[in-house]
Amino acid sequence: MQHNGFDASLPSHPCMDDRVHDKIARIHLPVALKCNIHCLYCERKYSSPKTLTPGPGTAARIISPREALRKTGAFLEEWGAESIVGIAGPGDPLANQETFETLRLIRNRYPAVRLCLCTNGLNLPKSLSTLRQLDVQHLTVTINGVKPEIVSRIQSRVRKGRHCLGGKDGAELLIRNQLEGLERAASLGMFVKVNTVVVPEINGQHVEEIACTVADLGACVYNPMPLIPRGSFKHMTRPSHAFMKELRKRCGSILPVFSKCKQCRADAAGIPGKELHSCKMVVTA
Ligand code: SF4
Ligand code: SF4
Ligand code: SF4
């Protein structure tokens, strides 16, 4: 069966369905500073949206939950109630109490707003009851592999309590929590997308296995994304358009694929890929 995003059950969400990607706006509220794992491609940067420096992990600055609430009000007024209000970093949203405080403030002020979150999934199992209470309906979990020997080459350290686990032990914990979190979130009725950062030398041949695993656990859509060569992986090659196209085609026979991701900033706002105007709003609001 070929899906490629044309699935009636997909939510009307710019990150989950190719057909509405350029029709519905989203705002990312950069309230989440800290992270609890170490991805070797990660580079968190602070730069003005006016420079349009792309990439997850990039934001002009961290804002407080109160400021996030004010920005949300201005955003919804400009883009309408169907828009998505999300938290995507620049660290891991679920590793920061400010995320929950922000979601609570927004849910109380705007009871019908569509809330969304991106996470590496390490803290997902323990956060699900709170996310459920706050009626967060959309979730993206980045899963770069389902085998510890592969994941440990991409994500080298994982926090466990006050300690860090490295190598396969860390990767095992991360994978366990990601898959448990995904399955439970889907069974609670959340729309869960899975992202995979494709590093051809490491997980390029493993992507279909990830797609099968997450489809079985209830992911509604899959987004394999090409590596942005940064951080310790800056010497690596970004997969070609042809490589990604073929990969998406193969994964599309397993579950719906989202293929229009712009790998946005953690403070992006507006229609994905068309944020010049809306970024101004984020700076000045
Ligand atoms: Fe960076 Fe995100 Fe990985 Fe954390 S989960 S290290 S913020 S890319
Ligand atoms: Fe939601 Fe993540 Fe898309 Fe932002 S990038 S709208 S938080 S799925
Ligand atoms: Fe959508 Fe941008 Fe998120 Fe990609 S990074 S899923 S385009 S908001």
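## Pocket lining and ligand shells

The lining of the largest pocket consists of six nonpolar, seven polar and four charged residues. In this classification Ala, Val, Leu, Ile, Met, Phe, Trp, Tyr, Cys and Pro are nonpolar, Asp, Glu, Lys and Arg are charged, and the others, Gly among them, are polar. This is a predicted model, in which local features need pLDDT of at least 70 and side-chain atom pairs count only at pLDDT 80 or more, while totals for chains, interfaces and linings use all residues. Residues are numbered from 1 along each chain as its sequence is written, chains are lettered from A and ligands numbered from 1 in the order in which they are written, and side-chain values use heavy atoms, leaving out hydrogens and water.

The pocket holds about 340 Å³ of space, a volume being the space filled by probe spheres set on grid points that are joined across faces, edges and corners. A pocket is an open set of points on a 1 Å grid over the protein atoms alone, with protein on both sides within 12 Å along at least five of seven lines; a cavity is a set where a 1.4 Å probe fits but cannot get out, and lining residues have an atom within 4 Å of a point. Of the 17 lining residues, N36, L122, N123, K126 and R159 lie nearest the centre of the largest pocket.

Helix α3 (124-133) is among the elements that supply at least two residues of this lining, and its three residues are the largest contribution. Helices (H or I, at least four residues) and strands (E, at least two) are DSSP runs numbered from the N terminus. In α3, L124, P125, S127, L128 and L131 are buried. These residues lie on the same side of α3 because they cover an arc of only 140° around the axis, taken from the directions from the helix axis to the C-beta atoms. The face turned away from that side carries the exposed residues K126 and Q133. Buried means under 20% relative accessible area, exposed over 50% (1.4 Å probe, protein chains only).

The ligand shells contain residues with a heavy atom within 4 Å of the ligand.

| Ligand | Shell by class |
|---|---|
| Ligand 1 | six nonpolar, two polar, one charged residues |
| Ligand 2 | five nonpolar, three polar, no charged residues |

The shell of ligand 1 includes C35, C39 and C42. Around ligand 2 are H13, C15, H28, I87, C116, L117, C118 and T140, and strand β6 (residues 114-119) gives the largest share, three residues. Ligand 3 sits in the largest cavity, with more than half of its atoms within 2 Å of the grid points.
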